Amino acid sequence: VIQVGNPFLEKLLLEACLELLSSESVVAMQDLGAAGLTSSTVECASRGGVGAEIDVALVPRREEGMTAYEVMLSESQERMLVVVRPEGVDQVNDVVRKWSLHSSVIGRITEDGLVRIKDGDAITAEVPARFFTDECPTYIRDSSESPAVRQMREMPLEQLPVLSIDDAPNALLKILSSHNVCSRRPVFERYDHTILTNTVVAPGKADAAVLRIKGTSLGISTAIDCNSRYCFLDPYLGAMHAVAEATRNVSCVGAAPLAITNCLNFGNPEKPSGYFQLEKAVSGIGTACEALGVPVVSGNVSLYNETGDSPVMPTPTIGVVGLLEDVERRATMAYGPGMTVMLLGDSSPTLGGSEFLKVFHGLTAGTPPPLDIAAEFRVQTLVRQLIASNVTSCAHDVSIGGIAVALAEMALTSRVGASVELPDAADRHKRVDVQWFGEAGSLVLIAVDSDQVQVTEKNAAAAGVSCQVLGDTGGDLLTIRGASPLSVKALSQAFESGLR
């Protein structure tokens with residue numbers, strides 16, 4: 001077993017690991033993440049059905065006086081545990097030195113199934129590897145939903161004051177400037193997002209990041225997402241939405257979602273309400289991932305996040321990585337003049353858990369939008385097909401803030417206006433706030449050239465996805481029929497002001 005690491009040269013470490021993996025000398029490799037050497041050693045041994053013996057006295061360290069306990073649990077980054085065939089140790093050391101890194105032999109693989117930790121001649125721990133993995137203790141806690149949360153979810157939102165159509169444009173500007181919607185420019189302008197010139201879609205231009213893989217036609221896309229209010233009101237449904245939207249964001253740039261990671265942020269799971277949230281959210285992630293065919297490949301957990309007796313909002317943040325077979329066939333939120341705006345999907349919007357409800361009524365209440373995960377799969381598949389076949393290069397999902405916010409984001413990104421009519425605009429019995437700002441899953445806006453409208457409709461019909469024309473692009477005003485127009489400049493000013 002060889003431990004490789006250099007905290008300042010992560011790129012060199014990755015290059016060295018890639019070269020080592022092409023060698024027949026390397027049997028296994030595991031990065032040192034949570035719990036450091038402990039988790040990596042145990043996981044490698046357990047998966048191989050073997051044991052491992054580590055001598056912490058041989059582990060390089062920068063701090064003196066560390067106990068075996070501290071060495072095994074140290075979480076310093078940029079370290080890898082590599083299992084090497086005995087005859088290949090010299091070759092591995094040569095490769096590591098070539099990349100200006102350091103390696104040390106710190107132990108060996110055994111056949112007894114035990115993880116044995118030594119400090120020189122002294123044995124400090126000796127435990128079967130399976131006790132840490134397949135046979136580790138499992139805690140099933142009492143689980144029950146908070147009555148207060150249930151009461152908030154069941155609040156009848158139809159009793160709220162109705163937003164007038166005359167007030168809707170100003171409401172849109174206010175939501176665009178809210179912290180959950182506004183531009184993240186003050187964040188991303190403070191770091192280098194070009195990433196060795198591999199970034200091909202700048203931050204803020206699309207639903208997900210897109211990077212090229214130099215020397216190939218491939219691209220990768222990443223996105224993170226989670227709506228804590230949805231998860232607070234219904235942790236199972238909210239977690240499903242987090243998976244659905246993160247994968248949808250990747251699909252909206254043309255990438256096929258490959259895998260997810262997660263960061264599960266919750267309060268105290270020893271409390272019945274805290275365990276309920278954690279249990280339901282994990283179940284929701286599993287359900288959505290199975291339906292969408294996207295595995296969970298990593299993640300971490302942050303529990304006991306409370307101030308006094310007040311826990312944080314349950315926040316199972318989802319990160320997704322996707323693959324573009326041709327990085328040149330990608331989409332952003334931007335359209336040009338003279339294009340047709342179309343809506344894919346037919347989910348019904350709701351104010352439950354919405355940004356509008358929070359901004360204008362100070363409420364986190366109601367039932368979050370329902371999610372038809374099969375419909376979600378069809379919509380994502382369709383939008384990727386349309387992008388790959390060059391039918392569209394403009395796609396944006398409808399999420400927080402509803403369709404009015406999504407249209408505004410497309411207009412201000414494009415610096416081109418549009419004239420549109422919202423779905424169900426002729427329904428006089430439908431509330432304006434629901435039409436403009438109601439939130440839903442499985443909805444994607446696209447813009448296509450006029451000669452691609454029928455092609456889009458044909459593809460949508462074949463995919464079993466509803467498709468409707470909303471209007472056309474052009475000018476410098478966003479006009480949602482029935483209301484006063486807003487200039488693209490005004491939209492941009494509101495959007496950019498939130499974090500300034």
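Which strands make up the open sheet with mixed pairing, and in what order? The points below start there.

1. Basis. This is a predicted model, in which local features need pLDDT of at least 70, side-chain atom pairs count only at pLDDT 80 or more, and totals for chains, interfaces and linings use all residues. Residues are numbered from 1 along each chain as its sequence is written, and side-chain values use heavy atoms, with hydrogens and water left out.

2. The open sheet. Four strands lie in the order β6-β3-β7-β8, and their pairing is mixed. Strands here are DSSP runs of E with at least two residues, helices are runs of H or I with at least four, and both are numbered from the N terminus. Two strands pair if DSSP finds at least two bridges between them. The edges are β6 (107-110) and β8 (122-128), each of which pairs on one side only. On average, neighbouring strands in this sheet are turned by 15° against each other, with direction ignored.

3. Strand β3 and its surroundings. β3 (residues 51-55) runs antiparallel to β6 and is joined to it by four bridges. Within that pair, I54 stands opposite G107 of β6. Helix α2 (residues 36-48) lies across β3 and β7 (114-119), at about 155° to β3. Such angles run from 0 to 180 degrees between N-to-C directions, and the axes are lines fitted to C-alpha atoms, for helices over the stretch in contact. Contact means heavy atoms within 4.5 Å.

4. A35 is found in the loop between β2 (26-31) and α2. Its phi is positive, about 70°, although A35 is not a glycine. A35 has a relative accessible area of 22%, so the residue counts as partly exposed. The classes are buried under 20%, exposed over 50% and partly exposed in between, with a 1.4 Å probe and protein chains only.

5. Strand β4. β2 also pairs with β4, antiparallel and through five bridges, and D31 stands opposite M80 of β4. In β4 (residues 79-84), six of six residues are buried. R79, L81 and V83 point one way, while M80, V82 and V84 point the other way.

6. Y304 lies in the loop between β13 (296-302) and β14 (306-307). Y304 is partly exposed because its relative accessibility is 45%.

7. S221. This residue sits in strand β11 (residues 219-225). S221 counts as buried because its relative accessibility is 0%. A polar atom of the S221 side chain lies 2.9 Å from the backbone oxygen of A209. Cores. A nonpolar core is a set of buried Ala, Val, Leu, Ile, Met, Phe, Trp, Tyr and Cys residues joined through side-chain atoms within 4.5 Å. The largest has 50 residues, and those with the most contacts inside it are L172, L176, Y335, W436, F437, L445 and L491. Helix α13 (residues 402-414) gives the most to this core, with nine residues. Apart from it lies another core, of 32 residues, among them A223, L237, A246 and A288.

8. Helix α16. The buried residues of α16 (residues 488-497) are V488, L491, A494, F495 and E496. The elements that cover them include α6 (168-176), α7 (185-188), α13, β22 (477-480) and β23 (486-487).

9. Cysteines. A disulfide is taken as a pair of cysteine sulfur atoms within 2.5 Å, and the count by this rule is zero. The sulfur of C182 is too far for a bond because the closest cysteine sulfur, in C226, is 18 Å away. C263 is in no disulfide either, and the nearest cysteine sulfur, again that of C226, is 9.8 Å away. C182 is buried, with a relative accessible area of 2%, whereas C263 is partly exposed at 25%.

10. A291. This residue lies in helix α10 (residues 272-292) and is partly exposed, with a relative accessible area of 37%. A291 touches I373 and F377, not counting residues up to four places away in sequence. A291 and G219 are 72 residues apart in sequence and 25 Å apart in space, C-alpha to C-alpha.

Note on methods: Polar contact = N/O pair within 3.5 Å; in protein donor to acceptor, adjacent residues only side chain to side chain.
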